[in-house]
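Me: Hi! Please walk me through this one, starting with the helices.

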Amino acid sequence: MPHARLVSLALVLPLFAFVGVTFVAPLASLLSKSAYETRIHDVIPETMDVLAAWDGQDLPPEAAFAAIAKELPSARANRTLLRLSGAANRLQSGMRSLITRTAQRVPRTEFAGTWRETLAEIDEDWADVQTWIIIESAAAKFTLRHYLQALDLEAQPDGSIKARPQQERVYMPLLWRTLLVSLSVTLLCFLIGYPIAMLIADAPPRRRNLLLLLVLIPFWTSLLVRTTAWIVLLQRQGVINDFLVTLGFLRDDTRLEMIYNMTGTFVAMTHVLLPFMVLPLYSVMRSIPQNQLRASASLGATPIQGFVRVYFPQTLPGIGAGALLVFILAIGYYITPALVGGSSGQLIANMIAYHVQTSLNWGLAAALSSILLVAVIVLYLLFNRLVGIDRMRLG
Amino acid sequence: MSKTYDGEHWIVEGLDLTVQRGEFLTLLGPSGSGKTTCLMMLAGFEAPTRGDIRIAEQSVQGIAADKRGIGVVFQNYALFPHMTVGGNLSFPLEVRGMDKSKRRSRVQQALSLVRMSGFEERLPQALSGGQQQRVAIARALVFEPELVLMDEPLGALDRRLREELQFEIRRIHRELGVTIVYVTHDQQEAMVMSDRVAVFSQGRIEQIASPEVLYEEPTRSFVARFIGENNLVKGEISHVKRGVCTVQVEGGSMTAAHLGDLAPGDRTLVAVRPERIQLRPQTGAYANEFIAKVEDVTFLGDHLRVRFNLFGHAQFIAKLPNIVGHGALLPGDEVRLGWAALDCRALNFEDT
């Protein structure tokens, strides 16, 4: 390798290492939790070793019964039993009580010659192949169960996969809502941002700088500050409601609910993300020569024809860049919906945060994140196909 | 008509200009002289502050640019980058609601007029500057306007291409018989192309005439200075008689053509073309004869460019044909120069 290449490689290597350690590795390890988990497996490791060689047709060998009879009581003593029983119960109800009861009664039951018979005495379900299939799948290291849960699907006892009943679906409606909100916010940002960008691009230099500053100052302000400012404005006792009541448009008991719901999420997110639309649009518009519109007028096009056929098509790269930025930021938005969304204005990111911080179900959080990531990648590819990323201009 | 942007400084002042149908008129002037503003007002992109513009006796005041039906060619082409060449040409026809087959034949026709047939599918950025300007010209002509405005269309091109396109534009003008108003700051371009040239200075027309007349008979010292080369000598008119006047200059007196509005006692600039100066004329052949000192000689092949000192005026230039005897001039030589009274014009005084 030529010397110069070695030097340049050495120069970028620290950067690669930094990105790898601080970004790629944590991301990969978290995402891997969505399908690979040893937490439950480690409750009954010996049983799982025996079951690994089992064909799943007939009852497992005596060794499996012996192993589980040993491991369940010790798991109970370690307080790790609930992991297994909970997971198994999610697959089939009744498993929790079976496992808990067995763990309690094994030491107290008289040994009947074989562990198979002993366990069958505690509960006849142990003589059922189905019980073992559930235990094996509940404790498996590789599992799709987080994905199933995240997609509101459930595995039937017979192994087939079905959608959950309508009223039990949680994540898919939330994912759809997130996509819908992101698309709507993108559209709103476009509708509001396009005229603003045009105004700035066409203004004389002095006014242009002032207008740009008005866009940039909020952009530089903390996200938290901007979001809480909306709380001050929109809440029941907030500025807007007070104003409308004072003017007599509203009575005290008919104050508008503009925050802690979807409206709040929409308003605050659109405001916060607006600069990401305005700035790329502005930079593209600045690069369009003024005489383009003059040329189109001289050729007989009305101002509207000139805008639609000459100006607008030339701003498409900016629209593409702005829309992609806003959409991708919106789809993972967390703080703003958490602060102003109430319960109806929450998005998928809030649910992921809940599973990471509160329920500690990292596997599910990882599965939800992966699904979100895939959704973004699919939309990006679609977008690339339609608009062409190389035509995009970020400014 | 007149135009001001800020209400204080007039960009164009008291302009009164008539363009003949089918004429090639050039607005010539240094940058900032108001020629482009005039063109923009004619196109309808700007409105005159005072006055009126009439096309075929109809006032176009208040008629928007897109309703005037005037073709415009811009300096930097202003082709639409997102449309192909064909799309650019077909655009003015589409907005006029022309049907597709008719559009296609018109586009073909316009492209062949500028010798760009076969380029329909190309995008403008895939073309060279000269090709882009050909397309821009075709686009300004494709909807058959009677009047085409060109705003320094060749300004961004190199010299060779510029000459080629000057010729092309001339040819197109002759073939189509359209009226062209052309803006340039290149006097050579104006001389080569135009039927008439209007020389602009500071928002006013100094002189409007055919290229020959502008060169031979400038009526203003600005024109004398701007078109071609002239020796301008300061002086004061002492005597006027039948179109000829005597001008007192530093160290002598000259006899010059008199243009009417100057009276004895007025200050004047006397303009003498360098190529009209004779070396060692026959005594008495010319009204003006002086002894001058050679300052330096530049050999330019077919002619010699000689700088003389004529009564303290050290920038007096003569272009002498390269013939026998002229080669022997050396700096420091004192020689006799002469020129005719009619080759020497007493113009308005301007401090240079």
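Me: What numbering and cut-offs apply?
Reply: This is a predicted model, with pLDDT of at least 70 for local features and 80 or more for side-chain atom pairs, while totals for chains, interfaces and linings use all residues. Residues count from 1 along each chain, chains are lettered from A and ligands numbered from 1 as written, and side-chain values use heavy atoms, without hydrogens or water.

Me: Which ring pairs with A:Phe312?
Reply: A:Tyr194: the centres are 5.6 Å apart and the planes at 45°, so the pair is tilted (centres within 6.5 Å; under 30 degrees is stacked, over 60 edge-to-face, the rest tilted). A:Tyr194 sits in helix 9 (residues 171-202) of chain A, so the pair ties together parts 118 residues apart in sequence.

Me: How does helix 15 of chain A pack with helix 18 of chain A?
Reply: At about 170°, with axes 11 Å apart (lines fitted to C-alpha atoms over the stretch in contact, N-to-C angles from 0 to 180 degrees).

Me: Which residues touch?
Reply: Among them are A:Leu324 and A:Phe327 of helix 15 and A:Val376 and A:Phe383 of helix 18 (heavy atoms within 4.5 Å).

Notes:
Helix = DSSP H or I, 4+ residues; strand = E, 2+ residues; numbered from the N terminus. Phe/Tyr/Trp six-rings, centres within 6.5 Å; stacked < 30°, edge-to-face > 60°.
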